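Here is a short report on one protein chain. Read it with the sequence and the 3D view open side by side.

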Amino acid sequence: MKILVIGYGNPGRLDDGLGPAFAEKVQAFELPGVTVESNYQLNIEDAESMSRYDAVVFADASVDAPEPFEFKPLEATPPVVGFSSHSITAESLAGLARELFGANPRSYSMAIRGYEFNAFGEQLSGRAVQNLAAAGEFFRSWASPVS
């Protein structure tokens with residue numbers, strides 16, 4: 001099984017960088033069958049990337065997810081792109097992958113609880129670092145049947 005991890009968020013806004021930090025952590029695991037991408041936001045082009053995988057994990061920071069993280073399946077929705085492509089959701093990307101490429105990878109949300117978002121800085125809060133570690137270990141265990 002091939003898994004794509006897409007970590008997204010702004011590393012320059014403290015805990016908003018949890019998605020890219022998760023991507024970096026997963027990359028360091030060097031798990032067979034797992035590909036990692038990281039960006040500031042989801043993009044329409046990600047639908048094409050998704051179409052080449054069996055499963056996709058969208059990792060982002062959350063202001064209200066249960067601690068330390070929430071991992072749950074996502075349902076594809078009809079593609080909706082707002083005023084700009086910067087507002088596309090993971091569910092809409094899954095819908096685009098299905099509509100444009102005939103692909104239906106299993107999709108999951110990895111919402112990692114963060115606490116500090118309202119300042120600039122390229123570091124995670126202490127509690128966010130702990131949540132990131134827990135999310136990383138969960139993912140490694142979840143993805144291990146791939147190897």
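Leaving aside its neighbours within four places in sequence, which residues is serine 125 in contact with? They are Asp15, Tyr115 and Glu116. The model is predicted, and that holds for every value below.

## Around serine 125

Serine 125 sits in the loop between S5 and helix H4 (126-143). Is serine 125 buried or exposed? Its relative accessible area is 10%. Because buried means under 20%, serine 125 counts as buried.

## The sheet

Five strands make up an open sheet. Their order is S2-S1-S3-S5-S4, and the pairing is mixed. Strand S2 (34-39) and strand S4 (69-74) are the edges, and each of them pairs on one side only. From one strand to the next, the twist averages 20°.

Helix H1 (residues 18-29) packs on this sheet. The strands that H1 touches are S1 (3-8), S2, S3 and S5. The direction of H1 makes about 150° with that of S2.

Strands of a sheet pair through backbone hydrogen bonds, in either a parallel or an antiparallel sense. Two of the pairings can be followed here.

Start with S3 (residues 55-62) and S5 (residues 106-113). These strands run parallel and are joined by 8 bridges.

Now take S1 and S2. They also pair in the parallel sense, over 6 bridges. Here isoleucine 3 stands opposite valine 34 in S2.

How many residues of S1 are buried? The count is 6 of the 6, so the strand is largely enclosed by the rest of the structure. Both of its faces are covered. Ile3, Val5 and Gly7 are buried on one side, and Leu4, Ile6 and Tyr8 are buried on the other.

## The largest pocket

Tyr8 comes up again at the largest pocket, as one of the residues closest to its centre. The volume of this pocket is about 200 Å³. It is lined by 15 residues. Along with Tyr8, the closest to the centre are Asp60, Leu74, Ser109 and Ala111.

Which elements give two or more residues to the lining? They are S3, S4, helix H3 (90-101) and S5. S3 gives the most, with 4 residues. By type, the lining divides into 8 nonpolar, 2 polar and 5 charged residues.

## Backbone points to check

Some loop residues deserve a look at their backbone angles.

Leucine 14 has a phi near 55°, a positive value in a residue other than glycine. Leucine 14 is found in the loop between S1 and H1.

Glutamate 30 also has a positive phi, of about 50°, although it is not a glycine. This residue lies in the loop between H1 and S2.

Where is the cis peptide bond that involves proline 68? It runs from glutamate 67 to proline 68, with omega near 0°. Proline 68 has its place in the loop between S3 and S4.

## Accessibility side by side

The table sets out relative accessible area for several residues.

| Residue | Relative accessible area | Class |
|---|---|---|
| Leucine 14 | 7% | buried |
| Serine 125 | 10% | buried |
| Glycine 33 | 35% | partly exposed |
| Arginine 98 | 40% | partly exposed |
| Glutamate 30 | 69% | exposed |

Why does glutamate 30 count as exposed? Exposed means over 50%, and glutamate 30 is at 69%, so it counts as exposed. Leucine 14 is at 7%, under the 20% limit, and is therefore buried.

## Two separations

Glycine 33 is found in the loop between H1 and S2. Glycine 33 and alanine 133 are 100 residues apart in sequence. In space they are 21 Å apart, C-alpha to C-alpha.

Arginine 98 has its place in helix H3. How far apart in space are arginine 98 and serine 51, which are 47 residues apart in sequence? The C-alpha to C-alpha separation is 7.7 Å. Not counting residues up to four places away in sequence, arginine 98 touches Ala76, Thr77 and Ala103.

Notes: Residues are numbered from 1 along each chain as its sequence is written. This is a predicted model: local features need pLDDT of at least 70, side-chain atom pairs count only at pLDDT 80 or more; totals for chains, interfaces and linings use all residues. Side-chain values use heavy atoms; hydrogens and water are left out. Two strands pair if DSSP finds at least two bridges between them. Axes are lines fitted to C-alpha atoms, for helices over the stretch in contact, and angles run from 0 to 180 degrees between N-to-C directions. Contact means heavy atoms within 4.5 Å. On a 1 Å grid over the protein atoms alone, a cavity is a set of points where a 1.4 Å probe fits but cannot get out, and a pocket is an open set with protein on both sides within 12 Å along at least five of seven lines; lining residues have an atom within 4 Å of a point. Grid points are joined across faces, edges and corners, and a volume is the space filled by probe spheres set on the points. Ala, Val, Leu, Ile, Met, Phe, Trp, Tyr, Cys and Pro count as nonpolar, Asp, Glu, Lys and Arg as charged, and the others, Gly among them, as polar. Buried means under 20% relative accessible area, exposed over 50%, partly exposed in between (1.4 Å probe, protein chains only).
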